[in-house]
Amino acid sequence: MMSAKRRLIFKNKHHKQEIKVSQKITAVRGFKDILEQEAPGWRKIEDVARTKFLRFGFKEIRLPLVEKNEVFTRGIGEHTDIVEKEMYTFLDRNDELLSLRPEATAGVIRAVVEHDLYKQHPVLKLFTFGPMFRRERPQKGRLRQFHQFDAEVIGSASPVADAEIICLAWQIIREFVSQDRLNLELNSLGCRLCRPIHRENLLKYLEKIKETLCDDCRRRAETNPLRVLDCKNEHCKAALKDAPLLKDYLCEDCVQHFSQVRDHLNQFNIPYILNPHLVRGLDYYVKTTFELVATDLGAQATVAAGGRYDGLVRDMGGDDIPGVGMAIGAERLMMLMEEDAWEQAIDLYLIYMGEEAKRLALSLLPPLRETLSVYAPYEQKGLKAHMRMADKLKATAALIIGDNEIARKKAVLKHLVNHEQIEISFNDLAQEIKQQLCAKKETFNNTRG
Ligand SMILES: [Zn+2]
Ligand SMILES: [Zn+2]
């Protein structure tokens with residue numbers, strides 16, 4: 001706990017830093033702005049994911065970004081990399097230890113247990129989306145504030161639930177990447193009955209090869225030996241070649257469950273690769289575990305991951321009920337999406353020149369904006385400058401009202417895609433523009449689809 005004195009020192013230390021007022025302030029390392037070019041891409045992945053979640057019968061919940069530290073030490077496990085090295089944890093002013101959420105599942109379970117949700121519905125299907133925080137080394141595709149789509153099925157031990165969660169992740173990612181660029185890796189991590197026997201044998205094996213392991217693995221061998229199997233270090237990989245694998249230790253129940261999950265994946269027409277080395281960085285996984293890996297994303301290729309966590313609800317203070325879930329990395333999805341899919345066009349760029357034209361143009365904006373996206377510039381410029389701006393904004397059409405048009409009581413509607421130009425009488429101007437542009441939109445969508 002931070003004493004009043006320490007708090008004072010902390011405060012003074014930070015007040016001493018001299019910062020020139022004229023200096024630019026940059027965002028924190030690993031925390032990225034999503035600027036306006038990228039935002040349409042984000043909206044697209046959010047739309048696709050939401051639509052799929054709803055089609056699979058999941059309901060949305062929205063959770064706080066900050067939780068009591070205990071949610072993660074209990075939920076994820078004290079000896080995981082996330083909790084030991086990567087969490088943003090701080091003492092609040094009332095000396096309460098809080099953490100920014102590094103993943104969603106622990107918080108979802110906290111909320112489910114706190115509100116007794118599973119007592120109202122025997123099987124809960126929940127999804128959530130938002131930022132997560134981990135203090136990892138920032139690199140391409142890995143940020144300290146990153147975003148995840150998260151789905152959880154709580155209250156069912158059925159292998160259909162495992163397969164459905166995998167199918168959900170698969171279908172969302174497949175909207176952005178072809179099947180030949182995506183691998184589903186699958187493993188079973190066993191259960192409370194069969195895992196201890198494997199652990200014992202693994203520890204014996206690790207004891208023999210201890211000298212050849214990297215520092216991380218030597219530490220993990222003490223705290224979380226399963227993670228050693230997952231080490232990317234080439235020396236470790238070689239030394240672990242003959243390490244005992246969980247697949248050879250599964251109990252009858254786990255073998256059955258895993259075989260049924262694979263059957264259901266076949267029924268859902270989803271190809272998979274068995275990877276007996278696949279373990280996850282979180283303590284709570286049992287039985288099914290999986291990763292969806294994009295074959296062309298380099299080092300940060302895991303787009304989604306998840307698995308079964310029977311026992312987690314109990315560890316979080318609830319009843320002993322099973323669960324299975326997955327998370328999709330939104331930044332990775334953005335990396336998979338073609339950049340032209342990000343484009344966001346406006347329907348109409350409204351050009352007015354002169355005071356009378358301005359009055360008419362501004363009065364058109366509310367009715368036009370009922371159905372169209374309309375950009376009306378604030379500054380008066382020449383027609384050429386306006387047309388350049390309309391192009392830059394990828395406007396479908398421009399409406400021109402100048403002195404000429406006022407005199408003839410007709411506006412000019414110019415289609416910027418095919419350069420057609422028509423005149424529209426001032427009577428019922430808004431209605432006519434809407435009709436013209438909606439008709440164009442439909443033919444455009446039809447020829448494209
Ligand atoms: Zn088992
Ligand atoms: Zn290692």
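1. Two strands are said to pair if DSSP finds at least two bridges between them. In this predicted model, strand β15 (residues 410-415) and β16 run antiparallel and are joined by 5 bridges, and within that pairing Ala 411 stands opposite Ile 424 in β16.

2. Which residues touch the most other members of the largest nonpolar core? Among the 83 residues of that core, they are Ile 165, Ile 166, Ala 169, Ile 173, Ala 304 and Ile 328. Helix α7 (residues 159-174) provides the largest share of this core, with 10 residues. A second, separate core has 23 residues, including Ala 357, Ala 398, Ile 400 and Leu 429. Returning to Ile 166, and leaving aside its neighbours within four places in sequence, one finds this residue in contact with Leu 184, Leu 265, Ile 270 and Phe 290.

3. Strand β11 (residues 323-329) deserves a careful look, for 7 of its 7 residues are buried. In a regular strand the side chains alternate between the two faces of the sheet. In β11 both faces are covered, with Gly 323, Gly 325, Ala 327 and Gly 329 buried on one side, and Val 324, Met 326 and Ile 328 buried on the other.

4. The partners of β11 can be followed residue by residue. Strand β6 (residues 145-154) runs antiparallel to β11 and is joined to it by 7 bridges, with Glu 152 standing opposite Gly 325 in β11. Strand β10 (residues 302-308) is also antiparallel to β11, through 5 bridges, and here Gly 306 stands opposite Met 326.

5. Helix α2 (residues 39-55) has 17 residues and reaches 24 Å from its first C-alpha to its last, close to the 24 Å expected at 1.5 Å a residue. Its buried residues include Gly 41, Ile 45, Ala 49, Lys 52 and Phe 53. These residues lie on the same side of α2, because they cover an arc of only 100° around the axis. The face turned away from the buried side carries the exposed residues Ala 39, Arg 43, Asp 47, Thr 51, Leu 54 and Arg 55. Among the elements that cover the buried residues of α2 are β5 (124-133), β6, α7 and α13 (330-336). Just after α2, Gly 57 takes a positive phi of about 80°.

6. Helix α11 (residues 252-267) can be read in a similar manner, since a WHY-type question applies here too: what places its buried residues on the same side of α11? The residues concerned are Cys 254, His 257, Phe 258, Val 261 and Leu 265, which are buried, and they lie on the same side because they cover an arc of only 95° around the axis. On the face turned away from them, Glu 252, Gln 256, Ser 259, Asn 266 and Gln 267 are exposed. The cover over the buried residues of α11 includes α7, β7 (182-188) and β9 (286-294). After α11 comes Asn 269, whose phi is positive, near 65°.

How values were computed
Residues numbered from 1 in each chain as written. Chains lettered and ligands numbered in written order. Predicted model: local features only at pLDDT ≥ 70, side-chain atom pairs only at ≥ 80, totals over all residues. Core = buried A, V, L, I, M, F, W, Y, C linked by C-beta atoms within 7 Å. Buried ≥ 20, exposed ≤ 12 C-beta atoms within 10 Å, placed from the backbone. Helix = DSSP H or I, 4+ residues; strand = E, 2+ residues; numbered from the N terminus. Contact = placed C-beta atoms within 7 Å. Expected span 1.5 Å × (residues − 1). Arc of directions from axis to C-beta.
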